[in-house]
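Subject: Handing over the model

Hi,

Here is the structure I promised to pass on.

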Amino acid sequence: LGHNRWMLFSFHPETGQRVRCSVGEDYAAIFGMHTEEFMARLASNDLPIPSTEIDMFCMVVDSFCNGLSEKCDSCVRMNYVGSSKHVPCIYRHTVVKEDDCWGRNIRTIYSFEPVTPADYDLMIKFQPERVRPFSKLLGDVRTYEELLQSHKSDMQFRGKIAYWRKSGVQRKKLELLGQHMMACFKEAGAKLQEVLETVGD
């Protein structure tokens, strides 16, 4: 990868159980931790959530919908807590999956790559599907700088699901998002069924 902003999981091909996990120093530093603390908190499901509730929810759903893809990536706005103050930043988060010859997942790598303001703003214009998951659907076309400037208020209340449910306009966006996600789940389920039928044959 050429950098230390990565986290790797290895899995037993037959059981699917995690057999190994390791993390790069710079990946852990984004969360304001050393690798040892990061691993300990990961094991106890105690890692902080560095993004807004809406952003994280969309990322989780997008990850599920792309579960059968060998590689998927999207931009994520998050707190970089590796400094004395929480600093907002935008990274490209990439997930790469490696399968054995039988198509069983044996390794998954997560990594962060810096995104420049110019590159992000170009993607907003010409490749909106490559930026934050479902952001276009939610009508969020803010530029790089606009996202950073509003990050604190978004983390505190504007990016919380409870806040969106109080607003009629935002609630309609949530309903539209829910309908879109149901369609994504249906499509992902159909793909999974195709794979299972192929294995059965």
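Which residues of H3 are buried? They are Ile54, Asp55, Cys58, Met59, Val61, Asp62 and Cys65, where buried means under 20% relative accessible area, exposed means over 50% and partly exposed is in between (1.4 Å probe, protein chains only). Helix H3 covers residues 53–65; helices (H or I, at least four residues) and strands (E, at least two) are DSSP runs, numbered from the N terminus. With 13 residues, H3 reaches 18 Å from its first C-alpha to its last, close to the 18 Å expected at 1.5 Å a residue (the expected span is 1.5 Å times one less than the number of residues).

Before the rest, some ground rules. This is a predicted model, in which local features need pLDDT of at least 70 and side-chain atom pairs count only at pLDDT 80 or more, while totals for chains, interfaces and linings use all residues. Residues are numbered from 1 along each chain as its sequence is written, and side-chain values use heavy atoms, with hydrogens and water left out.

**The core**

The largest nonpolar core has 18 residues. By nonpolar core I mean a set of buried Ala, Val, Leu, Ile, Met, Phe, Trp, Tyr and Cys residues joined through side-chain atoms within 4.5 Å. The members that touch the most others are Met7, Tyr27, Phe31, Phe38, Met78, Tyr91 and Phe112. At least two residues of this core come from each of strand E1 (6–11), strand E2 (18–23), helix H1 (25–30), helix H2 (35–43), strand E3 (71–80) and strand E4 (87–99).

Take Phe31 as an example: leaving out residues up to four places away in sequence, Phe31 touches Phe38, Pro48, Pro50, Met78, Val81 and Phe112 (contact means heavy atoms within 4.5 Å).

His93, in strand E4, is buried because its relative accessible area is 12%.

**Aromatic pairs**

How many aromatic pairs does the structure hold? There are ten, counting rings of Phe, Tyr and Trp (its six-membered ring) whose centres lie within 6.5 Å; planes under 30 degrees apart are stacked, over 60 edge-to-face and the rest tilted. Tyr27 and Phe112 are stacked, because their ring centres are 4.9 Å apart and their planes are at 25°. This pair links distant parts of the chain, with Tyr27 in helix H1 and Phe112 in strand E5, 85 residues apart. Tyr27 is buried, at a relative accessible area of 5%, and Phe112 is buried with a value of 5%.

Phe64 and Phe185 make an edge-to-face pair, 5.2 Å centre to centre with 80° between the planes. Here too distant parts of the chain are linked: Phe64 sits in helix H3 and Phe185 in helix H7 (residues 168–200), 121 residues apart. Phe64 is exposed at 52% relative accessibility, and Phe185 is partly exposed at 31%. Ring pairs also join Tyr27, Phe31, Phe38, Tyr91 and Phe112 into a cluster.

**Cysteines**

A disulfide is a covalent bond between the sulfur atoms of two cysteines. The structure holds zero disulfides, the criterion being a pair of cysteine sulfur atoms within 2.5 Å. Cys184 is buried, at 14% relative accessibility, whereas Cys101 is exposed, at 74%.

Arg107 belongs to strand E5 (residues 105–114) and is partly exposed at 27% relative accessibility. Its side chain joins that of Glu98 through a polar contact of 2.8 Å (a pair of N or O atoms within 3.5 Å; within protein, one must be able to donate a hydrogen and the other to accept it, and residues adjacent in sequence count only if both atoms are side-chain atoms). Neighbours within four places in sequence aside, Arg107 is in contact with Leu8, Phe9, Ser10, Phe11, Val96, Lys97 and Glu98.

Gln149, in helix H5 (residues 144–158), is exposed at 64% relative accessible area. Gln149 and Pro88 are 61 residues apart in sequence, with 8.4 Å between their C-alpha atoms.

Happy browsing!
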